[in-house]
Amino acid sequence: MAKTIMTADDSASIRQMVGFTLREAGYSVIEAIDGADAIGKCAGTSPDMVITDLNMPNVDGIGLIRELRAMPQCKFIPIIMLTTESADDKKQAGKAAGATGWIIKPFQPEQLLAVVRKVLRD
Amino acid sequence: MGETDRYIETFRMEADELLADVEDIVLAIEDDPSNRSNIDRLFRAMHTIKGSGAMFGFDDVAAFTHHVETTLDVVRSGGIGIGRELIDLILAARDQITAMMAAAGGGPVVDEGESRRIVEGLGALLPKGDSLKAEEAGGSSSGGDAGVVGDASAEMASYKIVFAPDPGIFLTGMDPSLLLEELRELGECQIIALTENLPALEMVDPEKCYLAWQINLRTDKGVDAIRDVFIFVEDTSRIEIEQLPELQVSASDDEPKKLGQILVEKGLATEAQVRGALGKQKMLGDILVGSGVVGAETLNSALAEQKTQEKAKGAEKSETLRVASDKLDVLVNLVGELVINQARLSQVSGAVENSELLAAVEEVERLTGELRDVVLNIRMMPIGTTFGRFKRLVRDTSVELGKEIDLVTEGAETEIDKTVIDRLADPLVHLIRNSIDHAIESPEARLGMGKPRKGTILLSAAHRGTNVVITVKDDGKGLDAEVIKAKAIERGLISADQDLSEKEIFALIFAPGFSTAQNVTSMSGRGVGMDVVRREIDALRGNVSVTSEKGKGTTVDLSLPLTLAIIDGLLVAVNNERFVIPLSTVEECLELTGARFAMSRERNVIQVRGEPVPFVRLREMFGIEGTEPDLEETIVVGVGESRIGIVVDHVIGDHQTVIKSLGKAYRHVEGLSGATIMGDGSVALILDVPGLVDCALQAEDAALKAA
């Protein structure tokens, strides 16, 4: 069965690009427009992986990661954050909240897939 | 529209909306500078324009917006107040971004002076210490460092890697085994788990990772590729990567001579004496472990490392010794006797109830088992030794018949008991001749069918469980089920109304007296059909199966046990008689009451989980006296696709069975394949399971017809 990946990003164009890339690679994708939306959608399903932006309205990426790690079904799943900051502090804050890894924007579709394959068991 | 164009289109719409928002938000901020949520929204809008812009190729937009974002970040944290000047600059910046978006879409070129003026203006607002550094802009296309694209190739090198993840690694969603797999993909890899930090079982927290790994890796991908594997965990885990020096393959002349060598050369000691003395030496590792310098785990990992290095050196020297095979046969026989005697010893000591004796007997049991494995292993030979002769066979025969055929062999290194290899040669010759004679078409016929001119016969061997499967596969014309069926009916092998599956029909070619060949060649088709193959494989306790696709080719699989000398058996009893069923054929044991049999008494069939399984009663089959107990046991055995039940009085247990042949007089007894001697000296007969299966299926067919 196809693995389900949830993406959370407030930018429609990034959502579209990430969603399309993942679907092309055979994953099924749930899209969320911000952290709160993602938390709501996670409560009903259990995604195999989450890819989240950090700067989002309502609940931001760091808050989302914390909330997800508190859900039993998301405790051990890989969570990747999308960040424009190459600076370390955001990365560290994300890691401290329980993120698995990160992708620095801008990125190419292949780079996205490489990271997904790195952390998500086929 | 390409996918990229579609993203750009979406981004344009998104940017338009955001820029419209920015205008509204800025005006709202001017009215009420204390509303923090508006400032956050403004920051996010700029952040999205920057981030998404960079993603879809709007590098200038991203670079410019970065400055605005940086300033807003400082505003957000209270570093600068909101004033008229700031509001003006942000509105100007918003207009400038709108112009840049338009320019990218084919509009008029933007005034770069204006961009510079805005950036400088924003910079001037920042408190000292914060400055707008152009190189931090997220717009540079080289910034897409996802950390996993390392394709720089380097020289082949060996690395020693220690990876000790943080105990909480699972809570970051990272599975360390994925990283180990990733390392495996880089090159030849040897992974040793270091278990020193593993606490006692009751102390283990299942959500924590206590393991560390040492990985010896040979790769040409370079050290950066290795670092990239660990990029997400390098902050929290202990990771050591050390390049091992490449071993110099130095000429032995350069090395100083060893002490022993010198002594022997000078005649001061014999080689045997030196070897004896060396044997008394403790291994370095043992000494170090003994004195507590290193832990056993650490030592093992170091030894594994040594192994990798030895491999790198390419030194695979193995000394061999030629021994006459009859000497080995004697050895195997002796081991067989030893196994029997050991069983007897265990039985006797069990009755004595002396714990000191029991301990010693258990030790003997363990050693006997080891000895048995080692001795049987000595008899194992790579099957490739027989493959060689077939090359010649195929060449000569195909020339004679005017055909062009390649023999491809695979798995020549697969090891199998020498006796099996010897007895396998004839059936294989038969199968291969059959493929050459009847299956592979003439070159002209092949070309006409769109096949390559040259035919191919694949001869392969592989281990599958406790069996070796030898496959003879050709790309010839395949078997025609209709023709075979017609022939079988003509020969009276089956009746015309029998409903057979394709597999069953193909199996008919192994029936005695069956041959589909149109012509008789000098090699085959002399009336000796494939039944010879079947008989020989049966005698080896093996199994034959055929698959074929008309026009495409035929595949014959021979499945054979690894050894013939000693097998694991299931010991069962009927009255006072004991029988051994080869354990490899046993699927399950069932207890069936008399009442349940009564229901099926007319037809020897029982239901096993809804499936009908025919059965045979050993008591009836071998005419054993006595009455059956109320609770009989049924052992379900399987050969290929067929399953039958064997009904016995009771199951005793598993038994190391040393196979003894029955002798000429009993060779043709149906249902028995040999005998073994029990611990108490009595004899148990070994059941011929394929024979019994045939028996039961035939009986069932006959019963069906009679009904």
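Where is Glu353(B) found? Keep that residue in mind, because the tour returns to it: Glu353(B) is in the loop between H12 and helix H13 (355–378) of chain B.Where is Glu353(B) found? Select it, and you will see that Glu353(B) sits in the loop between H12 and helix H13 (355–378) of chain B, where helices (H or I, at least four residues) and strands (E, at least two) are DSSP runs numbered from the N terminus.

Before going on, note that this is a predicted model, in which local features need pLDDT of at least 70 and side-chain atom pairs count only at pLDDT 80 or more, while totals for chains, interfaces and linings use all residues. Residues are numbered from 1 along each chain as its sequence is written, and chains are lettered from A and ligands numbered from 1 in the order in which they are written.

Most residues other than glycine have a negative phi, and most peptide bonds are trans. Glu353(B) is exposed, with 8 other C-beta atoms within 10 Å; a residue is exposed if 12 or fewer other C-beta atoms, placed from the backbone, lie within 10 Å of its own, buried if there are 20 or more, and partly exposed in between.

In chain B, five strands form an open sheet with mixed pairing, in the order E19-E12-E13-E21-E20. Strand E19 (650–658) and strand E20 (672–677) of chain B stand at the edges with a single partner strand each, so one side of each has no neighbour in the sheet. From one strand to the next, the twist averages 35°.

Now select strand E12 (residues 566–574) and strand E13 (residues 577–582) of chain B, which pair in the antiparallel sense over six bridges (strands pair if DSSP finds at least two bridges between them). One of the bridges joins Val574(B) to its partner Glu577(B) in E13(B). In the loop between E12 and E13 of chain B you will find Asn575(B), which has a positive phi of about 55° although it is not a glycine. Asn575(B) counts as partly exposed, with 16 C-beta neighbours inside 10 Å.

**Two helices of chain B**

Select helix H1 (residues 3–31) and helix H4 (residues 84–104) of chain B, which pack at an angle of about 165° with their axes 10 Å apart. That makes H1(B) roughly antiparallel to H4(B), a term for angles over 145 degrees. Their contact (C-beta atoms, placed from the backbone, within 7 Å) involves residues including Leu19(B) and Val22(B) of H1(B) and Ile90(B) and Ile97(B) of H4(B).

Finally, select chain A, whose secondary structure comes to five helices and five strands and follows the pattern β-α-β-α-β-α-β-α-β-α along the sequence. Of the 122 residues in chain A, 54% are buried. A cis peptide bond, with omega about 0°, joins Lys105(A) and Pro106(A), and Pro106(A) lies in the loop between E5 and H5 of chain A.

To end the tour, show both chains: the contact takes 35 residues from chain A and 32 residues from chain B. Helix H1 (12–24), strand E5 (101–104) and helix H5 (109–119) of chain A each supply at least two residues of the side of chain A that touches chain B, and H1(A) gives the most to that side, with six residues.

Technical notes:
Axes fitted to C-alpha atoms, helices over the stretch in contact; angles between N-to-C directions. Parallel < 35°, antiparallel > 145°, perpendicular 65-115°, else oblique. Contact = placed C-beta atoms within 7 Å.
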